[in-house]
Amino acid sequence: MTAPRIAPPTYVQQLMHDVDALQPGTVFNPGFIMRGVFRMADDVDVETLRLALADVIARHSALRTVLVSGSEGLRQRVLPPMAARLVVDRLDRGVSLAEYVHDVTMRDYGWEEPPLLWAHVVRHSEGTALILVAHHIVCDAWSMRLLERDVNAAYAARREQRAPLGADVLQYWEIGEDDHSAKVRARIEGALPYWRDRLAGVAGLGLPVETRSPETGPPVVHPFAVPDTLRDAVAKAARRARTTPFTLMLSAFASAVLPDGDNVVPVLTSGRPAVEWQTVGCLLNLLPIRIDDTADEDLAALVGRVDRACREAYAHDTALIHVLRAIPELLTTLLSRDVLPPVFQMIPRMPIPDTVPDAGRLLRHVPDDVVPALPLTTPFLWSMRERDHLDGYVVYDGYVMYDSNLFSAAWMDRSVAAFLDRLAEIAR
């Protein structure tokens, strides 16, 4: 048997460890998970799927990794390839897929015994579905999309009796080693003066809640669509301004949703350079982008300022753990429940093509707004998505995931309407 590999933690793992030390149970709990829900053909071969899942676990070492603390500090302990966890259920008549997904989501998923990937095949009145669950310490939203792609590829290879999916990708433990290299440390030290200057005096900045509550409420997902005409107008306006649709959307968000004046918007990013696109692991990052918006400002001037702020922030992209250590008041801002950090993200189309032709794919993603929301990791997250329509063109849509003890559905309706109106003004 191959001995476990020991490696330094990634900076994201170290941050999660520190957060859990500050607020015990925040990270190291059996409910801190990522989840994907997929439709499958009714004739899926469960044993072939089980082998395909084991191939995916062998391919991505993060799924075989546990965090351990010892005399040398926090470390990744990477175990050899292992069998998959797969259960098969059948729903009673009258039980919906959404109810089953909720039940699966609320189960305990330990982070100490790999593999940290669980698969649930469920047969129900509308067909067959697969729910993939992975612990968040080794998986993020990007990783879940990779797992979808690789399960498709691994199942096709097994079904067609081709060579199993290989492990020819950058591994999460390798990123941990690189994070602690002299080259990366020097880059971090060079970026921190920018963040100290840019984030001075951030305490108290953010989005005021509609209703104050110390208790976390049930998470709600508020989906919305960007009309095709507005999508086209945004693309043209971004080209004219020599910027990106993301910048225009962030500008509209700051102008329509946030209070006038000085704000810090934590922008959630994949945290991945191109070399890490194929890696399963928790790599996401938050870039705290400071935006000063005044109510009577010309929108073109606001877009210009947001564009410059984004370019500077991305040029000084630094793992959040180092920014928090350098600027302690930022942590207080991120943990507030009275004036929230208004987390914003733009989810691009996957830059890595699926290797399985569309007609041969095993998994078809079930939209997030069809299934129950995951427990919140932040009380407010505004997401914009760029995705391919089935007819071959690009669409934009969005969703707000929020704590229902802090905001109402009516507040969200007003905010989304204001955002779309302001985006239309910017795109004229």
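Colleague: How many helices and strands does the secondary structure of the protein chain come to?

Modeller: The count is 12 helices and 16 strands. Helices (H or I, at least four residues) and strands (E, at least two) are DSSP runs, numbered from the N terminus. This is a predicted model, in which local features need pLDDT of at least 70, side-chain atom pairs count only at pLDDT 80 or more, and totals for chains, interfaces and linings use all residues. Residues are numbered from 1 along each chain as its sequence is written, and side-chain values use heavy atoms, with hydrogens and water left out.

Colleague: What radius of gyration does the protein chain have?

Modeller: The protein chain has 22 Å, which agrees with the value near 22 Å for a compact globule of 428 residues. The radius is taken over C-alpha atoms, and the globule rule is 2.2 Å times the number of residues to the power 0.38. Along its principal axes, the C-alpha trace spans about 65 × 55 × 40 Å.

Colleague: Turning to the open sheet of three strands, what is its order?

Modeller: The order is β1-β4-β3, with antiparallel pairing; two strands pair if DSSP finds at least two bridges between them. The edge strands, each pairing on one side only, are β1 (5–7) and β3 (65–70). On average, neighbouring strands of this sheet are turned by 30° against each other, direction ignored.

Colleague: How many bridges join β1 to β4?

Modeller: Three bridges join β1 to β4 (residues 73–78). In β4, Q76 is the bridge partner of A7.

Colleague: And which helix packs on the sheet, touching β3 and β4?

Modeller: That is α1 (residues 11–22), whose direction makes about 125° with that of β4. Contact means heavy atoms within 4.5 Å. Axes are lines fitted to C-alpha atoms, for helices over the stretch in contact, and angles run from 0 to 180 degrees between N-to-C directions. Helix α5 (residues 172–179) lies across β1 and β4, at about 150° to β4.

Colleague: New topic: which residues line the largest cavity?

Modeller: The lining consists of L205, V264, P266, L330, T333, L334, P341 and P342. Two elements give two or more residues to this lining, β10 (261–269) and α11 (328–334). Helix α11 gives the most, with three residues. On a 1 Å grid over the protein atoms alone, a cavity is a set of points where a 1.4 Å probe fits but cannot get out, and lining residues have an atom within 4 Å of a point.

Colleague: How many of the lining residues are nonpolar, polar and charged?

Modeller: Seven are nonpolar, one is polar and none is charged. Ala, Val, Leu, Ile, Met, Phe, Trp, Tyr, Cys and Pro count as nonpolar, Asp, Glu, Lys and Arg as charged, and the others, Gly among them, as polar.

Note on methods
On a 1 Å grid over the protein atoms alone, a cavity is a set of points where a 1.4 Å probe fits but cannot get out, and a pocket is an open set with protein on both sides within 12 Å along at least five of seven lines; lining residues have an atom within 4 Å of a point.
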